[in-house]
Amino acid sequence: MKLLKFLFDITLNLTIHPHKSLKPHQIQTEQDVARLANQEVSALQEIISNKEEHYGFFRQEKKDGTLRDIHPPRKKLKLIQRKIKKFFDHFPWPRYVQGGIRKRSILSNARLHCGKKMVAWLDIRKFFPSTNPSMVLESLEKIGIGKAASKLIVELGTYKNALPQGSPASVSLANLVFLDADDRFELFCKKHRLIYSRYIDDISISGDIDFRPHKGQFLKFIEQKGYVVAKDKIDFIGRDRPQIVNNLVVNDKVRPNKDFINDLKNDIRCCWTEEGMELLAADFGLLPRELQRSLWGRINFTKQFDPKLYKDLKAIMIGAFFK
């Protein structure tokens, strides 16, 4: 059954989608959003009027033992949010935005920071829960989407005054909201000959100087946008310690560490159920088929370091998708 669904997803992906050539300035009215979503405006309004019926809810334990609220959209809304995500797939995202972007990954993000004298990472605390509808609305209008269309996208993409964990559109919308701060980071880092990138809520900065004195400015960029940094998730790492970006060691060449392997195994296991795969894909800001390609990329990456591990991971992956 999974094999049939996999082949169906590939076939579906080959279909020409009319929104692929659309630009933000072409999305001005509620009717434009409805065409993008392949729905009638009335159908979208019905969903908005009964949002709670279109979301599930459960709590998921994080690595630190705390719980996070997950609100996965039900089928009809999920399909609409996927179309919103696909629309933003064609937005000209700058190089330094790495998460939830096609053909970019934790591997491409880590490679940007390889071989530097210092690497820093900062974690944006509660990124999705801290992103409210007014922030999303402002960011949509800023790129040229009309007010009426922006309001409708906000209603379809937010829930309980935040971006919901589990929605296919949340990473794209969060990326858009933080883009102003990304630009400030990039200009500052260029001026000081540093490399900047962000993978969803993980910010990485690297360079060949000691840039710890700039920590206050980095925090200011984040706070100016309405977010805060997790105080226990800030570090500036020299060559005397393993320099970590997305659980990859980047001191000399990009290498996996134990956390990378454990996370990869857990991610593959999530894909043993359709629900688990879809939630994981939403976490990464990817569609399920894009998640599959990403997982294979991470598995293939391990081959050069541990051929036996590669074979084991490959077997687990095949079992997850073709059982």
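Modeller: Start with the domains. Domain bounds come from an automatic or database domain assignment. Keep in mind that this is a predicted model. Here the protein is divided into domain 1 (24-237) and domain 2 (257-322). Their C-alpha centres lie 23 Å apart.

Biologist: How is the size of an interface given?

Modeller: It is often given as the accessible area lost when the parts come together. Between domain 1 and domain 2, the buried area is about 1500 Å². Carbon and sulfur atoms give 60% of that area. In residues, 22 of domain 1 are in contact with 16 of domain 2.

Biologist: Now a helix. Which residues of H10 are buried?

Modeller: The general idea comes first. An α-helix has 3.6 residues a turn, so residues three or four places apart point the same way. In H10, the buried residues are Phe260, Ile261, Asp263, Leu264, Asp267 and Ile268. They cover an arc of only 165° around the axis, so they sit on the same side of H10.

Biologist: How many residues does H10 have, and what is its reach?

Modeller: H10 (residues 258-270) has 13 residues. From first C-alpha to last it reaches 18 Å, close to the 18 Å expected at 1.5 Å a residue. At its start, a side-chain oxygen of Asn257 comes to within 3.2 Å of the backbone nitrogen of Asp259.

Biologist: One single residue, then. Is Ser206 buried or exposed?

Modeller: Buried means under 20% relative accessible area. Ser206 has 0% relative accessibility, so it counts as buried. Ser206 is in strand E5 (residues 202-207). Its side chain makes a polar contact with the side chain of His113, at 2.8 Å.

Note on methods:
Residues are numbered from 1 along each chain as its sequence is written. This is a predicted model: local features need pLDDT of at least 70, side-chain atom pairs count only at pLDDT 80 or more; totals for chains, interfaces and linings use all residues. Side-chain values use heavy atoms; hydrogens and water are left out. Helices (H or I, at least four residues) and strands (E, at least two) are DSSP runs, numbered from the N terminus. The expected span of a helix is 1.5 Å times one less than its number of residues. Buried means under 20% relative accessible area, exposed over 50%, partly exposed in between (1.4 Å probe, protein chains only). The arc is that of the directions from the helix axis to the C-beta atoms. A polar contact is a pair of N or O atoms within 3.5 Å; within protein, one must be able to donate a hydrogen and the other to accept it, and residues adjacent in sequence count only if both atoms are side-chain atoms. Contact means heavy atoms within 4.5 Å. Buried area is the accessible area (1.4 Å probe) that two parts lose on being put together, summed over both.
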